[in-house]
Structures are given as structure tokens and as C-alpha cells.
Protein chains: 2
Amino acid sequence: MPDKTVYRSSTFAPVNIAVIKYWGKRDPKLNLPTNSSLSVTLSQSDLRTHTTASCSSLYPTDTLTLNGQNQDISGARTQACLSELRSLRASLEQSTPSLPKLSSLPLKIVSQNNFPTAAGLASSAAGFAALVRSIADLYELPASPIELSKIARQGSGSACRSLFGGYVAWEMGHADDGSDSVAVEVAPASHWPDMRAVILVASAEKKDVSSTAGMQQTVATSTLFKERIEIVVPQRMSEMRRAVEERDFEAFAKWTMRDSNSFHACCLDTEPPIFYMNDASRAAVRVVEAINEKAGERVAAYTFDAGPNAVVYYLEKDEEAVAGVFKSVLGDKEGWEGEKGQKMKASEAPSGTEVAAEKLKSGISRVILTGVGEGPIKTDEMLIDDKGQTL
Amino acid sequence: MPDKTVYRSSTFAPVNIAVIKYWGKRDPKLNLPTNSSLSVTLSQSDLRTHTTASCSSLYPTDTLTLNGQNQDISGARTQACLSELRSLRASLEQSTPSLPKLSSLPLKIVSQNNFPTAAGLASSAAGFAALVRSIADLYELPASPIELSKIARQGSGSACRSLFGGYVAWEMGHADDGSDSVAVEVAPASHWPDMRAVILVASAEKKDVSSTAGMQQTVATSTLFKERIEIVVPQRMSEMRRAVEERDFEAFAKWTMRDSNSFHACCLDTEPPIFYMNDASRAAVRVVEAINEKAGERVAAYTFDAGPNAVVYYLEKDEEAVAGVFKSVLGDKEGWEGEKGQKMKASEAPSGTEVAAEKLKSGISRVILTGVGEGPIKTDEMLIDDKGQTL
């Protein structure tokens with residue numbers, strides 16, 4: 001009798017937002033970066049991908065759905081992840097012949113995000129981290145998060161950092177085969193648990209240039225980029241590690257803002273130039289500068305990925321002085337409904353930010369209140385039932 | 001009887017817009033730059049400063065008015081120009097005792113711009129060039145434009161380039177006293193007379209950071225700036241000289257756009273970041289890119305100074321394909337009333353520029369149609385009468 005079992009495993013995986021940015025591949029096929037990067041993993045209560053991986057002889061072929069939509073999995077990146085995980089399982093089956101032969105069964109993968117799959121919300125990082133982690137669990141692979149990060153990296157570079165919670169470095173490595181280009185934990189979330197973030201989501205505007213295409217244009221044409229990857233980022237990586245280790249928010253904020261600006265400067269120095277920040281992004285920069293001036297120290301740090309959304313980091317103790325200002329400016333937008341938003345005190349915008357406040361009001365459509373969080377978490381909540389049906 | 005003569009001399013001086021940008025002083029007092037730069041002098045029919053310099057014992061003290069407003073001339077920069085010119089005159093008077101002793105007479109200087117003194121329209125370049133040239137004429141100094149450029153440079157760096165017409169390089173020089181930091185002609189306007197420019201003047205918005213303050217912040221804080229001044233600009237200066245010499249618009253356009261982007265990239269890499277370009281500027285970039293794509297070659301080149309205004313260079317033969325597109329998008333703004341604007345054919349905006357066109361419509365208030373032009377011109381049109389009264 002053929003085995004009709006539906007094998008299943010489920011994972012929640014987090015989004016991460018880099019404070020030292022990944023921009024540029026030295027090997028586009030293996031997703032090997034031109035420089036190391038460092039990120040904060042965000043709380044999964046606010047932003048996460050939930051993925052159930054299953055395999056069964058009942059399935060006709062490999063499939064992946066995200067938020068109910070069938071996804072194309074024929075791309076080289078997804079295939080690299082699936083085949084590497086299958087081959088690890090196959091080795092396991094070879095050394096322990098009693099194990100069921102899962103590696104040869106078709107996979108059915110179902111994913112759901114608890115946030116809008118919008119431009120620049122790092123959904124691919126959470127997505128590939130959840131994909132890799134759920135299949136690794138399904139296959140009962142003994143691989144460590146570091147080893148899994150190597151696989152997730154091939155799906156989407158920054159996904160490797162979502163295999164860990166807290167503060168995470170992606171070491172660029174130097175091997176041609178990518179074997180040393182892995183994510184490592186700099187510090188767990190519990191080391192510096194009061195890190196918060198408010199994300200200002202810009203009104204929908206189609207992204208001009210995908211980050212994959214954009215970063216390769218920068219590598220090929222920017223004359224300032226070499227300085228960034230060879231000199232600037234290596235110094236900042238050590239500064240940022242130290243800032244995290246010593247919970248030095250002043251330094252954390254300084255390097256976060258400078259590195260975001262350095263990354264966007266290299267985008268602008270690309271031919272043709274790439275603009276991800278818009279007038280609303282610039283307004284967010286101004287408001288953060290005014291908040292810091294008023295505080296007399298850096299209590300807020302902006303950073304921008306490959307899109308106009310601002311992510312503003314701050315410490316819980318400064319919530320009113322930072323997120324409270326955005327509540328007073330953007331209080332009528334989506335995102336304040338939850339308990340965190342409701343109980344937060346609004347704080348008057350510093351003087352001199354009137355023009356910036358108007359630009360934010362017209363350019364920002366919603367906010368997300370979040371903070372540092374944990375890495376992927378295995379869960380019994382399945383998105384596929386034991387008959388192989390999507391729930 | 002005391003000499004009550006009113007000595008007078010008048011000059012028109014042009015604006016220039018750099019294609020290799022000046023940004024950064026190695027000596028702020030002497031206005032010595034961190035890198036050489038190269039500009040196109042624009043036609044004085046469209047943008048010029050008209051200045052009458054006069055001196056007389058009738059005047060109680062040195063004065064300067066611009067567009068009817070009294071100007072403060074006590075600043076170090078204006079004083080440096082005045083005292084250097086006076087000392088050249090004094091030497092002349094010493095060697096030729098028959099000359100009237102103009103160097104000891106109070107100066108009355110009256111200036112008028114034929115364009116709005118708006119942020120980023122290079123008015124200080126034309127202003128200091130006219131000031132220096134009109135006083136040099138008043139004093140009958142035998143100084144060459146190169147020598148005068150050294151004096152104008154101390155008033156406003158880029159003013160040195162307005163002492164020449166056509167295509168002008170400001171050689172950074174290396175001497176500590178600034179003696180070799182001068183402007184020189186790369187080619188006269190007649191060498192490549194069909195160079196045109198359309199200036200898109202952004203709706204009035206107060207400039208965030210003055211260029212003097214901004215460039216010193218960049219020198220002090222940008223980590224990418226060193227690469228720009230040591231490696232990038234020297235290479236581009238030779239490329240641009242060659243492009244001008246060979247009338248190679250394709251190369252001229254390429255380096256013009258790249259250098260504008262490199263300069264704004266360094267502004268963004270400054271701490272705190274400096275943003276001069278806004279959403280309207282980005283829209284101008286998009287439209288120029290679309291015009292070039294449609295043409296299959298670079299027929300238009302954007303450049304941005306320390307403000308959001310776009311200057312778009314093109315050749316006369318491509319007027320319809322370049323300025324014609326801006327006429328179809330911005331035809332209802334000020335600036336098309338003259339003969340040039342009236343007879344120009346509008347040309348449909350390339351497809352895909354709809355969003356950019358909307359941003360231009362809301363962010364641009366007027367256009368200026370101009371082209372390459374001549375250097376300062378002595379004129380008999382006086383702004384002060386022979387009694388010393390302002391006309």
C-alpha cells in the first residue's frame with residue numbers, strides 16, 4: 001500500500017530591518033554580498049510570515065501559495081532553496097534507511113503574511129526564512145540556524161538574517177562557494193529588549209527599480225560605491241556591534257542614520273540614478289532630526305530600505321518623545337487602533353516641523369508599531385490539514 | 001577745489017551653471033575648492049546682472065544696492081574683493097602719479113538682475129563677477145579675466161567662472177595663497193554655439209541649508225566625498241574637456257548627469273543629510289531619461305545645483321524633442337511668452353512619464369529658455385547718473 005501520509009510542519013518567521021545595509025552582490029547567483037550587514041529582527045506580533053510546509057505522495061507537484069495566491073516556484077532562487085534542503089534530507093535518508101523517503105515527495109507550501117505585502121516591507125526576508133525553516137523542520141534536519149541561513153540567503157539575501165531573533169549580522173564571507181556567507185547572532189532580543197520601531201508606510205507608489213536590479217546597477221556604475229564597501233561599511237560594522245553590545249543607543253542611532261544615507265547616496269550615484277526616498281521620506285528625516293535636537297541627544301534613528309517607508313528606531317523610555325510625535329502628526333492614519341497605539345501619549349511636534357508634518361500627512365498612509373523580537377518559532381497552527389487540503 | 005567728479009563704469013555679467021560641480025572648500029577664507037569644476041556660461045539675454053560701479057568724494061561711504069535693496073557689504077567676502085581691487089588701483093596710482101586717486105574714494109555700486117533672485121539660480125556668481133569686473137573697469141586695471149577671476153572667487157567661488165563666456169574651467173590650483181586657483185576658458189561660446197538650456201524653476205520653497213554651510217558639512221562628515229574629489233572629479237574634468245573640445249554631446253550629457261548625481265549623493269552622505277532635490281527634481285530626471293530613451297541616445301542632460309531647480313542642456317537641433325516636451329507638460333507656466341517659447345513646437349511627453357508630468361506640473365512654477373552665451377560685457381547703460389544719483 002503506497003504511503004498516503006501528509007507530513008507537515010509549521011513556522012512563524014520574522015521580518016528584519018537592516019541598520020547597516022546590504023546593497024550589492026559580488027555573486028548574483030549565490031546571493032553573495034559585497035559587504036556585511038547588520039539588522040534588528042522585528043516582533044512577530046506585528047510582522048511575520050506563517051508557513052506550513054508539507055509533503056505527500058498525494059500532491060501532483062511542488063506548489064507554493066502566499067496569501068491565497070499561487071506563486072511561481074520555478075525561479076532559480078526558490079529552486080536553489082528547495083533542492084538544497086531536499087539533498088540534505090536525502091543524505092539523512094541514506095544514512096538512516098528507516099526514515100521515510102520525504103526527499104522524493106512533492107512539496108505543498110502555504111504561506112500567509114500578517115501584514116500587507118507592500119513595497120519595501122521586507123516580506124521576502126520573512127518569506128524565505130519561513131520557507132527554509134518550515135521545510136528543515138518537516139525534514140527533521142539537524143542543521144543549525146547558521147547552516148540554514150546559508151540556504152535562505154540563496155532565496156533572498158536578507159532572508160538569512162531572519163533566521164535569528166534580536167540583533168543579527170550577516171557576515172559577507174570570502175569563499176567563492178558562499179560557505180562562509182552566513183548570518184550570526186550579535187545579541188539576542190533579551191540583551192536589549194527595549195528597542196522599539198515605528199514604521200511609516202508611504203502611500204502606495206510603484207517601486208521604480210527592484211532591489212535586485214538596482215543593486216547590480218550600483219555595483220556596475222557607482223564610482224562612490226567602492227569606498228562604501230571597502231572602507232565605510234567594515235568600520236561601521238564594528239561600531240554597530242559595539243553599540244549593540246553596550247546598548248549604546250546614541251551610537252546605534254548615529255550609525256543607523258549614516259548608513260541609510262550612505263546606501264541611498266550610492267543609489268543616487270548609480271547610472272541611471274535610483275531614488276527610493278521621496279518627499280515624505282525627507283519629511284520623516286526632518287522630524288527625526290527635530291526630535292533629536294529637542295531631546296539634546298539621539299533618541300530616534302531613521303532608516304530607509306529600497307522604498308520610501310521610514311523605519312524609526314527608539315527605546316521604550318523615549319516612546320512619547322518619538323512615536324508620540326508621529327501619533328500627534330499621523331494619529332488619523334491606520335495603525336494606532338491596537339493597545340500599544342491607544343495607550344501611547346501623543347507629543348506635540350517640535351517647532352519648525354510644520355512643513356514636514358504636512359508632507360507626512362499627505363505622503364504616509366499607515367503606521368506600524370513594533371519592536372525587537374524573536375527568531376523563527378515552530379508552531380502547531382497548520383495552514384494545511386492532515387488530508388493535504390489548504391485550510 | 002575738491003574733485004566732485006562721479007567716476008562710473010557699467011558691466012553686464014552672466015550666470016553660469018556647472019556641469020562638473022564645485023562642492024567643498026579646502027580653504028573657506030580664500031574660497032579655495034577641494035576640486036576643479038567646469039561650467040557653461042548662460043546667455044545674458046535671459047539671465048544677467050547689470051552693475052554700475054562708481055566712486056566719488058560726494059559719497060559718504062561704500063554702498064551696494066541690488067534690485068533697489070541696500071546690501072550689507074561688511075562681510076569678509078565682499079570686503080576681500082573691494083580691498084584687493086583698491087590695492088591694485090593704488091599700485092597703479094603710485095606708478096603713474098597723474099592718475100586720479102580713485103582708490104581712496106568711497107564706492108557706490110548699483111546692481112540689477114533681469115531674473116528673480118531665487119534660490120539656486122546662481123545669482124551670486126553673476127553678482128560678484130559683475131561687481132569685480134565693473135570696479136576693475138572703473139579703476140582701469142590692466143588685469144586679465146584670469147586675474148580678475150581670482151578676485152571674484154573670493155566673493156563667491158563659482159563667480160570666477162562668470163568672468164568668461166562659453167565653456168569655463170575653474171582650476172582648483174594647489175598654492176596655499178590661492179594664486180593658481182583661477183578660471184580659464186575651455187572653449188568660447190562660438191566653438192559650440194548650439195548648446196541650449198531650459199531651466200525648470202521649482203515652486204518657492206526655502207532652501208534648507210546654504211551652500212556655504214552645506215559644503216563644509218560635507219567636507220567634514222561625508223565618508224564618500226574623498227573618493228569624489230580625489231578620484232572621480234579629476235577623471236571627469238578631462239572627459240568633459242574632451243567632450244567640449246570635440247562637441248560630443250553624448251559624452252557631455254553623460255558626465256553632466258553623473259556629476260550632478262555624484263554631488264547630490266555626497267550631500268545625502270553628509271551628517272545631517274542635505275537634500276536639495278525634491279519630488280519635482282526627481283520627476284525632471286525621469287522625463288529626461290524618457291526623452292533620451294525615446295531618442296535612442298543622450299539628447300538631454302539634467303543638472304541640479306544647491307536647490308531643486310533642474311537645468312536641462314540640449315542642442316538646438318533637439319529643441320523639439322527636449323524643450324518641446326517640457327512645453328507640452330508645462331506650457332501654462334510662466335516663461336514661454338517670448339519669441340523663443342512661442343515659436344517652439346510642443347512635443348508629446350514620452351509614454352510612462354504620466355506620474356512625473358503631474359509632479360512637474362505641481363512642483364515647477366516657471367521655465368527659463370536660454371543657451372550658452374558670452375562673458376561680461378562693458379556697457380554705457382549706467383544705473384547711476386553723473387551726479388551720483390541712482391537711476
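Biologist: At what angle do the axes of α8 and α10 of chain A cross?
Modeller: This is a predicted model. In it, the axes of α8(A), residues 319-330, and α10(A), residues 354-363, cross at roughly 70 degrees. They come within 9 Å. That makes α8(A) roughly perpendicular to α10(A).

Biologist: Which residues make the contact?
Modeller: From α8(A), F326(A), V329(A) and L330(A). From α10(A), A357(A), L360(A) and K361(A).

Biologist: And by class, how many are nonpolar, polar or charged?
Modeller: Five residues in that contact are nonpolar and one is charged. No polar residues take part.

Biologist: Is the crossing left-handed or right-handed?
Modeller: Right-handed, as α8(A) passes α10(A).

Biologist: Switching to chain B. Which residues of α4 are buried?
Modeller: In α4(B), residues 211-221, the buried ones are G214(B), M215(B), T218(B) and T221(B).

Biologist: Where do they sit around the axis?
Modeller: On the same side of α4(B), because they cover an arc of only 150 degrees around the axis.

Biologist: What covers them?
Modeller: Elements of both chains. The cover includes α6 (249-268) of chain A. From chain B it includes β3 (25-27), α5 (225-245) and α6 (249-268).

Biologist: New topic, R282(A). Where is its place?
Modeller: In helix α7 of chain A, residues 279-295.

Biologist: Why does R282(A) count as buried?
Modeller: Because its relative accessibility is 15%, and buried means under 20%.

Biologist: What is R282(A) in contact with, leaving aside neighbours within four places in sequence?
Modeller: F275(B), M277(B), N278(B) and D279(B).

Note on methods: Residues numbered from 1 in each chain as written. Chains lettered and ligands numbered in written order. Predicted model: local features only at pLDDT ≥ 70, side-chain atom pairs only at ≥ 80, totals over all residues. Heavy atoms only, no water. Axes fitted to C-alpha atoms, helices over the stretch in contact; angles between N-to-C directions. Helix = DSSP H or I, 4+ residues; strand = E, 2+ residues; numbered from the N terminus. Parallel < 35°, antiparallel > 145°, perpendicular 65-115°, else oblique. Left-handed = near helix turned anticlockwise from the far one by under 90°. Contact = heavy atoms within 4.5 Å. Nonpolar A, V, L, I, M, F, W, Y, C, P; charged D, E, K, R; others polar. Buried < 20%, exposed > 50% of the residue type's maximum accessible area, 1.4 Å probe, protein only. Arc of directions from axis to C-beta.
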